[in-house]
Amino acid sequence: MHHRFHTFIATLILGAVLCGSAVAAEKLTLDKEKSKITFVGSKPEGKHDGGFKTFEVSAMADFDQAENSSLEIMIDTASLWSDDEKLTNHLKNPDFFDVRKYPKIQFKSTKIEAGGGDSTVKFIGKMKMLDKEVEVTIPASFELSDTSLKLVADFKIDRTKWGMSYGEGKIDNMVAIKATFVLNR
Amino acid sequence: METAILLWSVAGPGVVCICAAVLALWVARDQNGRGTSEDRWAGPLAAVLVVCGWMAAIAVPLIGRQKISWWPAEAWQQVVWPIGLVGVLLALCAPHHTARSGEEAGRERSRGEPAGPGSPTLAWLHRDQWFLGGLASLLVGMLAMPTGDGWGDLLPWHRGWLVAVVGCGLVNAWIMQQVALSGGERWVLWIALAGLGGPTILAATAYGGLAEWCLGAIAATLMLAIFALIVPRSGCWSALFPAAFFAVAATASGRFYTYEDHPLWLYCLILLLPTGVSLVALLLGGQRLATQVVASALTAAGLLAGIAYRLLLAGQE
């Protein structure tokens, strides 16, 4: 009897917490037309622009308490493009993204905290690429309006952390990434 | 060129091949170092040593650059085993002229004199060379193409490419052997070398790892081709068997790893380039050696230039 009473109280508390967070965090939907993910790969002789055409974003936002928010990005690697057709061909192969074997790149936030300045935020999470998960911190700026949230992240990653080491020494290990997400409220 | 590529894909395979060629020469020669051994098995053994050396040489870039284990993850790397098998079988069963040069044997055949093997076992091996090689080549065709969930959309290509790999591999190997046995054993490896050019260019347009491997095969074959030119009766021509199957397997892999739509005729040209060059060499068999070699070289250069133009330059602004 005593045990049943405890279970009942625990269920009530859990339900209240779940309902509470559901109310506080708002589900946002991606505006695919206005969102983009691009990257710049560099080498001593020059650089190339590229990006991904297809991706999904699942976002929950609590505008009062950032730590209650979450962000998940799923990129379709086969949608990769670049400013050179032959380079696109090469990037899709096992030297780089191996899109047949690893069709997705995933980022899942584990912690979201306020950034250094106004209208900035830091997404800390796991980025899974080439079947390897690495923790990354993505700094981003945001613009909030009544109808949407615009996130702009401009950062660099070390591709070799995911085992993408082809051309090391000839092609820069650091790749600049710019992601712009317009999320409708 | 990057130092690591130079080391693992050029120098490494070259050195391994030279060691194998010297060892094979030592086996094939008599104890006094004069002429070739009278032992009928010395030729086949030397040929197998050359093929094993060639296979070890092309394993160098895989080990050094791709960090492969004994059974690699990628299909194009796994194919190293069946290529070795088919190469060893064809080389073991090929007619070898251990007691006289290929040129002499060619002259004997042109006079209608059979080049007998001198041993019932060798006779059996010679007779069934293409049957055994054909069976083994099925494994090359089976493993040359990638499979798995991500490749489902390209599954309909598999049957056609299996036929292409097995058929073109056997035809190329057979016709190059005819060139070797018709007095071209010292320079036939240059035809095999030309055959590796197309797949290397195809791979270089899409997949660096595969291209580095092809470069390793080119370095290995080049070293043996030079060795065969310098040292008469070296038996190095046996490397044409694994080289022929390597070329077709690499073409198939290159096709699957490119996202560009190249025309069918281009793939046919890449696959059958050794046959085209060998036909020229055989058709000019009655001419002077220099005429035969120059015409073959010009044919190979012309075909390779066409392939390179279509793969690298055509369609670009």
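Predicted model: local features only at pLDDT ≥ 70, side-chain atom pairs only at ≥ 80, totals over all residues.
Residues are numbered from 1 along each chain as its sequence is written, and chains are lettered from A and ligands numbered from 1 in the order in which they are written.

Chain B contains 13 helices and zero strands, where helices (H or I, at least four residues) and strands (E, at least two) are DSSP runs numbered from the N terminus. Of the 317 residues in chain B, 52% count as buried, a residue being buried if 20 or more other C-beta atoms lie within 10 Å of its own, exposed if 12 or fewer, and partly exposed in between, with C-beta atoms placed from the backbone. Among contacts in chain B between residues at least 6 apart in sequence, 80% join residues at least 24 apart; two residues are in contact if their C-beta atoms, placed from the backbone, lie within 7 Å.

Helix H9 of chain B, residues 188–204, has 17 residues and reaches 25 Å from its first C-alpha to its last, close to the 24 Å expected when 1.5 Å is multiplied by one less than the number of residues. H9(B) is mostly covered, with 17 of its 17 residues buried.

H9(B) packs against helix H10 (residues 208–230) of chain B at an angle of about 165 degrees, with the axes 9 Å apart; axes are lines fitted to C-alpha atoms, for helices over the stretch in contact, and angles run from 0 to 180 degrees between N-to-C directions. That angle makes H9(B) roughly antiparallel to H10(B), since angles over 145 degrees count as roughly antiparallel, under 35 as roughly parallel, 65 to 115 as roughly perpendicular and the rest as oblique. Residues of H9(B) including B:Trp190, B:Leu193 and B:Leu196 meet a set in H10(B) that includes B:Cys214, B:Ile218 and B:Leu222. The residues of this contact divide into 18 nonpolar, two polar and no charged, with Ala, Val, Leu, Ile, Met, Phe, Trp, Tyr, Cys and Pro counted as nonpolar, Asp, Glu, Lys and Arg as charged, and the others, Gly among them, as polar.

B:Asp39 lies in the loop between helix H1 (3–28) and helix H2 (42–66) of chain B, and B:Asp39 is partly exposed because 14 other C-beta atoms lie within 10 Å.

The contact between the chains takes 13 residues from chain B and twelve residues from chain A. By class, the side of chain B that touches chain A has five nonpolar, five polar and three charged residues.
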